[in-house]
Amino acid sequence: MVSYQILSGPNDAEVHCSIENNELRICPAKYPPAQDDRHVRRSLDGVLSNCCSSSKPLSPRTISLYEVLSTSCQDGTLRISTIRRKNKKRPVKTYVILNPTIEDCQTFVKTLWQESYRNCSSKKRVKVLLNPFGGSGKAKSIWHDTVAPIFEAAEYAIDVQETQYSGHASEIARAMRIESYDMFVCVSGDGLPHEVINGLASREDASAALRLPIAFIPAGSGNGSAKSIYDTQKHVDCALGVVKGVVTPVDLLSVTQGDRRFMSYFSVSYGVIADCDLGTEHLRWMGEARFTYGVVQRILSRTKYPCTLSLSILSDDKDAIRRQYHERTGQACPEAVVSSPDSDTELGLPRLKYGTIKDAIPDSWVTKRYADMGTLYVGMMPYMSSTACFFPTASPASGTLDVMHIQASIPFFSALGTVGAVDSAKHFGSDFCYYAKCDAFRLVPEAHEGYISVDGERVPFEPLQGELHRALGRIITKNGQYYSQFLE
Ligand code: ADP
Ligand code: MG
């Protein structure tokens, strides 16, 4: 316990601040005051201002150190800024304590900074990108009303920019001086981080640039990444998650298509999911329901998406996958144990050990034609939307991709049941759902037109190969893990 007596005025010690068990306590030194001790109560009014009105007796405040954003002591005033979790319009509360004992106060301030940011760095320099086009267009108000006040209270150096067109975020990431920043913050859906990663990956110093961590504030129609990282869509909690978060290595996927190579951090989909994600723009008026409507409609019509799929399988035994997941999540933060050997030695992107879509398929891969493919989904995070936990066993820097597919020919009610089970990740155990851990794959669709989605963005409807690079990227997570819905 670190304890300080903050003195005020000519009276006795009036406010007592202490740091104990990861909590900050601010309380009157003589609490609880005796019923008739009006002198003490009154004299507190001038001490802890902005907190207690004269009509209310001052009660002790206990604040989790996780919720302390900053503290300072200047001109005889101690200020402690904390988060107000339930108020997105006024998300910061500052306690102002007048006339503290100066010598104690400076030590207290230093200790409080250290204890409040024990696992992470403070006062970061951040590049914030707002996508005014994402979701229902609320990125600007989410930033101004909720996130900016929290970052300002945390004493961040902020450089904010609105994207002007699709592709702008990539250009910004490609051209920026990465040494000038400690992290990127995307106030958007899943698409803007995709652009940022591809901008960083297109630089000559790609491997070094990709170590600039990216943080996520959900402001799109697809926010599965923020849900996977912070377990919430609440902006106050996500912003606090960023401020108090840790740099976490993550796998990135190299995708080759034609002559092109680009990166993915989140998902690749083909079939029902890609069609519903990208092919239901005309149903935007339905809001999120357009997605459910699209899925049910396609299941009813038994739409098939014939293709050939080749997988570099590490395991497709569900029991083993489940067991490994539980063993892994029991470990400490993976940051300490994972390094990325490729990117330590190479300046550009790591080499492709399986070649590109133009090369022969390696002998070790398993290739099958699926005439009845309904949904092929490849994921690197658990949640693919705020409610759909498609990949319950995905974890950061595991070196594995989660691959699942469901055939269109399965009985109708089983198909509906499997889709409905995604909320609680129960589809994982369904006999109709194939699930594997892989490190690479190739998809060759048979039709001539249709949709393939990478990180929720449309890519050409052409054969595509993906190869995972372990721990090539960095993001900010709450505690080095993803949140998941794995009850089995
Ligand atoms: P959503 O979750 O709604 O899809 P995203 O953040 O994923 O939101 O972004 C959707 C798309 O918006 C991305 O393809 C991105 O390139 C594009 N975009 C970014 N800025 C702009 C802009 N100013 N005008 C139009 N499109 C933009
Ligand atoms: Mg998107």
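Are Y354 and W365 buried or exposed?

Analyst: Both Y354 and W365 are buried (under 20% relative accessible area with a 1.4 Å probe and protein chains only; over 50% is exposed, and in between is partly exposed). The model is a predicted one, in which local features need pLDDT of at least 70 and side-chain atom pairs pLDDT 80 or more, while totals for chains, interfaces and linings use all residues. Residues are numbered from 1 along each chain, chains are lettered from A and ligands numbered from 1 as written, and side-chain values use heavy atoms, without hydrogens and water.

The structure has 13 aromatic pairs (Phe, Tyr and six-membered Trp rings with centres within 6.5 Å; planes under 30 degrees apart are stacked, over 60 edge-to-face, the rest tilted). In the pair of Y354 and W365, the ring centres are 5.2 Å apart and the planes stand at 75°, so this pair is edge-to-face. Y354 and W365, eleven residues apart, are each in the loop between α12 (341-345) and β17 (366-370) (DSSP runs numbered from the N terminus: helices, H or I, of at least four residues and strands, E, of at least two).

Y377 belongs to strand β18 (residues 373-379), whereas F391 is in the loop between β18 and β19 (401-407), so the pair ties together parts that are 14 residues apart in sequence. Y377 and F391 are both buried. They also belong to one aromatic cluster, whose other members are F390, F428 and Y435.

Elsewhere, R260 lies over the face of F262, 4.2 Å from the ring centre.

F151 touches V126, W143, Y156, I158 and V185, together with A239, V242 and V243, leaving aside residues up to four places away in sequence (contact is heavy atoms within 4.5 Å). A239, V242 and V243 are among the buried residues of α8, as are V236, D237, C238, L240 and G241. Helix α8 (residues 235-243) is largely enclosed by the rest of the structure, because eight of its nine residues are buried. C238 has 0% relative accessibility and therefore counts as buried.

Notes. Lys NZ or Arg CZ within 6 Å of the ring centre and 35° of its normal.
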